[in-house]
Amino acid sequence: MELINDINRLKAFVEENKLCLLYIQAPDCGLCSIMLDKIGDIAQRFDKLSSARVELLMVPEVAGEFLVATAPTVLVFAHGKEVYRAGTFIDTLEVERVLEKWNENIT
């Protein structure tokens, strides 16, 4: 999962990819580290999905730009539009189902 450290690059990433996942984490967050591995493993299974991660302290603008109030947060975008959001206690099975649906149907 690519690490992005710039808000403009992050916005471009969302716009440039037909289907993408953003993983937003906080430093020194044990849950963030655990979920990063799980979400990363899931993301690798989908051929049409691009994924990136961002750290809130490195890019504090992400909180306002993407309306993020907690970490970890998973955002899924299709054609630049948010289609899924989950925060803190992320249901990995639900994330997988959402990605399966979008990966099959994205053009």
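Me: What makes Cys29 and Cys32 a disulfide?
Reply: In this predicted model, the sulfur atoms of Cys29 and Cys32 are 2.5 Å apart. A disulfide is a pair of cysteine sulfur atoms within 2.5 Å, so the pair counts as one. A search of the whole structure finds 1 disulfide.

Me: Why is the disulfide of Cys29 and Cys32 called right-handed?
Reply: The torsion about the S-S bond is about 75°, so the disulfide is right-handed. Both Cys29 and Cys32 are buried.

Me: How do you know that Cys20 is in no disulfide?
Reply: The nearest cysteine sulfur belongs to Cys32 and is 19 Å away. The cut-off is 2.5 Å, so Cys20 is left without a partner.

Me: Why is Cys20 called buried?
Reply: Cys20 has a relative accessible area of 0%. Buried means under 20%, so the word applies to Cys20.

Me: What makes Leu75 buried?
Reply: Leu75 also has a relative accessible area of 0%, and the limit is under 20%, so Leu75 is buried. Leu75 is in strand 4, residues 73-78. Among the residues that Leu75 touches are Cys20, Leu22, Phe66 and Tyr84, leaving aside residues up to four places away in sequence.

Me: Which residues make the contact between helix 2 and helix 4?
Reply: Helix 2 supplies Met35, Lys38, Ile39 and Ile42, while helix 4 supplies Thr92, Val95, Glu96 and Leu99. By class, this contact has 5 nonpolar, 1 polar and 2 charged residues.

Me: What is the phi of Leu67, and what is that of Thr88?
Reply: Leu67, in the loop between helix 3 and strand 4, has a positive phi of about 55° although it is not a glycine. Thr88 is in the loop between strand 5 (81-87) and helix 4, and its phi is near 60°, again positive in a residue other than glycine.

Me: What is the omega of the cis peptide bond that joins Ala71 and Pro72?
Reply: Omega of that cis bond is about 0°. Pro72 is in the loop between helix 3 (61-65) and strand 4.

Definitions and conventions. Residues are numbered from 1 along each chain as its sequence is written. This is a predicted model: local features need pLDDT of at least 70, side-chain atom pairs count only at pLDDT 80 or more; totals for chains, interfaces and linings use all residues. Side-chain values use heavy atoms; hydrogens and water are left out. Buried means under 20% relative accessible area, exposed over 50%, partly exposed in between (1.4 Å probe, protein chains only). Contact means heavy atoms within 4.5 Å. Helices (H or I, at least four residues) and strands (E, at least two) are DSSP runs, numbered from the N terminus. Ala, Val, Leu, Ile, Met, Phe, Trp, Tyr, Cys and Pro count as nonpolar, Asp, Glu, Lys and Arg as charged, and the others, Gly among them, as polar.
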